[in-house]
Amino acid sequence: MSKIYILWLRQLKRYLRSRSRIVGALAQPMLYLAALGYGFGSVFQQAGQGSYLLFLTPGVVGMTIIFTSMFSGMEVIWDRQFGFLKETLVAPMPRFNVMLGRTLGGATVATLQALIVLVASLLFGFRPGNWLMLIAVVPCMFLLSLLFTALGTAVASALSDMQGFQMIMNFLVMPLFFFSGAIYPLAGLPPALAVVVSVNPLTYGVDALRGLLLGASHYGFLVDLGVMLGATLLCLWFGSRMFQRIEA
Amino acid sequence: MIAVQNLCRRYGEVVAVDDISFAVPAGEIFAFLGPNGAGKSTTIKILTTLLRPTAGTVRVNGHDVVTEPDKVRRSFGIVFQDPSLDSELTAWENMEIHGVLYDVPRKQRRERIERLLTLVELWDRKDSRVLTFSGGMRRRLEIARGLLHHPKIIFLDEPTLGLDPQTRNQMWNYLRELNRAEGTTVFFSTHYMDEAERIAARIAIIDHGRIVALGTASELKQQTGGASLEDAFLALTGKHIREETAGGADMMRAFMRGQMKR
């Protein structure tokens, strides 16, 4: 237990010490809120959908989570490059626990980052439907973070160098984000897009956040939660499989 | 304590370790002597569960490295040839993580961290982040960390590479003491003849992935009729040991050599 804790703590310390990473990871969500949130506001309003900024904020929080989590999970590549990975791979503990410590740490980091974005969104005029729901949002954000950190770890375990990183960003993370309903409503999508969106776990994550923050979800909170739990377990299983096969 | 039988490891076409067998009894100090790219690091990585063998069986402390890696990992400690520190963390934090991962009780952890960091003259820098350290300081920290827990077997892959003579002596003194007091088996690789001769009870000379000779330094000299270990080495491998500095992966060099043969 203390071994998992120390690996979790390591991820957290690395994050808290890197101010540039905290600030850097804030820039993109702020840009989306300012440019898209205000830019599409009037069109959205005219279409009778209400405030786009309110609609968009949970999506931007979801975006923060997927980017930060995947990045955290993929720190495996950095640790391999700089050698620290070896230190943990030969440690007298099951590899699964090594992976678990890393993943819990990465997920905590992503949750913190998402919280910062959520608080910052208040400056842009975001108001939750029910303030008490902010408490329920945290575990939901953590679950989603866990899902994508595990996925990032799985993917990074199969890559041997940093070259693959950009490819994963472009071919996995960006599509997951754009095909998730983070920036547009799920109702009335063209059938092909609707199918793609419906098999994307981020869709359910963003939908759950919307349900909690705005009281308006597409699938219903229980469905969202079920899909997220299932996908998280699957990713954890897959991630630990991949992580155990690492050779250094 | 270590039993290796017909071990092979290939990287694609390249054979890094070619059918080697040897055994190291408990409590022995054993050296792998050979030039860079001979297969020393690859063998150590297999012994420490970081690489899987292509063929052959390897048992460490009675456990198979392929089928019981968790049990094997509970038996040894290792000082790597390449860096393996977290440079975002401080020297103390690197030691602390290692101590926790290797089940060193808190009180002992505190004592040993202080003792070892003092030994490698980094105690006054314990709260500095490793990224502010010079190459030599990192190397010293790496050694100190490897000695923090007292396992049954310690592997050291070219431990003295890039280490100043002073720290080198202190490290060997510490290891000899550990060997005497706790019966720790020490397995190290080196390409320094004098180090192998001075420290190890037995030496395996490895070249091109094969063990060409194995015995005490005097046995090796006798076997070849050489006056020094250097002569023995020359007679066995047909060349002088290369005095280049080892850096990246053995694999690359083994690969280059494979290319040149063709």
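This is a predicted model: local features need pLDDT of at least 70, side-chain atom pairs count only at pLDDT 80 or more; totals for chains, interfaces and linings use all residues.
Local features need pLDDT of at least 70 and side-chain atom pairs count only at pLDDT 80 or more, while totals for chains, interfaces and linings use all residues. Residues are numbered from 1 along each chain as its sequence is written, and chains are lettered from A in the order in which they are written.

**View 1. Strand β7(B) is mostly covered.** Strands (E, at least two residues) and helices (H or I, at least four) are DSSP runs, numbered from the N terminus. β7(B) spans residues 153-157, and five of its five residues are buried. A residue is buried if 20 or more other C-beta atoms lie within 10 Å of its own, exposed if 12 or fewer, and partly exposed in between; C-beta atoms are placed from the backbone. Ile153(B), Phe155(B) and Asp157(B) lie on one side of β7(B). Ile154(B) and Leu156(B) lie on the other.

**View 2. β7(B) pairs with β6(B) and with β8(B).** Two strands pair if DSSP finds at least two bridges between them. β6(B), residues 76-79, runs parallel to β7(B) over four bridges. Phe76(B) is bridged to Ile153(B), and Ile78(B) to Phe155(B). β8(B), residues 185-190, is also parallel to β7(B), with five bridges. Here Ile154(B) has Val186(B) as its bridge partner. In β6(B), Phe76(B) and Ile78(B) point one way, Gly77(B) and Val79(B) the other, and all are buried.

**View 3. Helix α8(B) has buried residues and exposed ones.** Ala217(B), Leu220(B) and Lys221(B) are the buried residues of this helix, residues 217-224. They cover an arc of only 100 degrees around the axis, so they sit on the same side of α8(B). The arc is that of the directions from the helix axis to the C-beta atoms. On the other side, Ser218(B) and Gln222(B) are exposed. The cover over the buried residues includes α7, β9, β10 and α9 of chain B. Just after the helix, Gly225(B) takes a positive phi of about 70 degrees.

**View 4. Chain B touches chain A.** The contact takes 23 residues from chain B and 20 residues from chain A. Two residues are in contact if their C-beta atoms, placed from the backbone, lie within 7 Å. On the chain B side, α2(B) and α3(B) are the elements that give two or more residues. The largest share, three residues, comes from α3(B).
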